[in-house]
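Subject: Structure handover

Hello,

Here is the structure we talked about.

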Amino acid sequence: MDTLSTIDRVLTRVIEGLMVVLFGMFLVIVVTKVLMRPFDMAIYGVDEQVKIAFLCTSALGGAVAITKREHIAITFFIDLMPYYVKMAFYVAGLVLVGVMNAALVWLSFDWIAGPGRNMWQPFGMPQGYVFIIVPISCAIAVFYCFVRVVLTLGGRDSIDVLWMPED
């Protein structure tokens, strides 16, 4: 289980680093576009780059939120339940999220096969190269759900606070 925890931690750091780079790219492009607007100038393809950075950051962020317990949740009633009932609901929730993401991985391949062959005009590359982030991030979400379930059932993950409370 220590290996699983280490893989989880390292993968999360790598993905968070990638998200920081993508968000930085997103920020620089948007600020540049705003600053160039008064001069009636544009950079070819930046709108698409912003969309790509936003899509990738959102998809990967959704996966990372699972392992960091940062999804939206109302835990008032679950927090009142006995320990093992609380654990059962938490594990069942993770299994459901994992199954939903696994279904999205499966379904996304057909989805990508259709419009994924269309060329992305500014870059001359198939849109599938960008859309592949959806099954990748959903597969990572499945992995994170699996890790949380294994660590929770193994007693390595505390369920005292299931989701990050509001500040």
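Tyr84 counts as exposed, because its relative accessibility is 65% and the cut-off for exposed is over 50%. Keep in mind that this is a predicted model. Tyr83 is partly exposed, at 39% relative accessibility. Tyr83 and Tyr84 form an aromatic pair. Their ring centres are 5.1 Å apart. The planes stand at 90 degrees, an edge-to-face arrangement.

How many aromatic pairs does the structure hold? There are four. Another of them joins Phe26 and Phe54. This pair is tilted, with 35 degrees between the planes and 6.0 Å centre to centre. Phe26 sits in helix 1 (residues 2–36) and Phe54 in helix 2, so the pair ties together parts that are 28 residues apart in sequence. Phe26 is partly exposed, with a relative accessible area of 22%. Phe54 counts as exposed, at 51%. Ring pairs also bring in Phe23, which forms a cluster with Phe26 and Phe54.

Now the helix packing. Helix 2 (residues 46–67) packs with helix 6 (residues 133–153). Their axes are 8 Å apart, at an angle of about 5 degrees. That makes helix 2 roughly parallel to helix 6, because angles under 35 degrees count as roughly parallel. By class, the contact has twelve nonpolar, two polar and one charged residues. On the helix 2 side, the residues include Leu55, Ala59 and Thr67. On the helix 6 side, Ile140, Tyr144 and Arg148 are among them.

Best wishes

Methods: Residues are numbered from 1 along each chain as its sequence is written. This is a predicted model: local features need pLDDT of at least 70, side-chain atom pairs count only at pLDDT 80 or more; totals for chains, interfaces and linings use all residues. Side-chain values use heavy atoms; hydrogens and water are left out. Axes are lines fitted to C-alpha atoms, for helices over the stretch in contact, and angles run from 0 to 180 degrees between N-to-C directions. Helices (H or I, at least four residues) and strands (E, at least two) are DSSP runs, numbered from the N terminus. Angles under 35 degrees count as roughly parallel, over 145 as roughly antiparallel, 65 to 115 as roughly perpendicular and the rest as oblique. Contact means heavy atoms within 4.5 Å. Ala, Val, Leu, Ile, Met, Phe, Trp, Tyr, Cys and Pro count as nonpolar, Asp, Glu, Lys and Arg as charged, and the others, Gly among them, as polar. Rings of Phe, Tyr and Trp (its six-membered ring) pair if their centres lie within 6.5 Å; planes under 30 degrees apart count as stacked, over 60 as edge-to-face and the rest as tilted. Buried means under 20% relative accessible area, exposed over 50%, partly exposed in between (1.4 Å probe, protein chains only).
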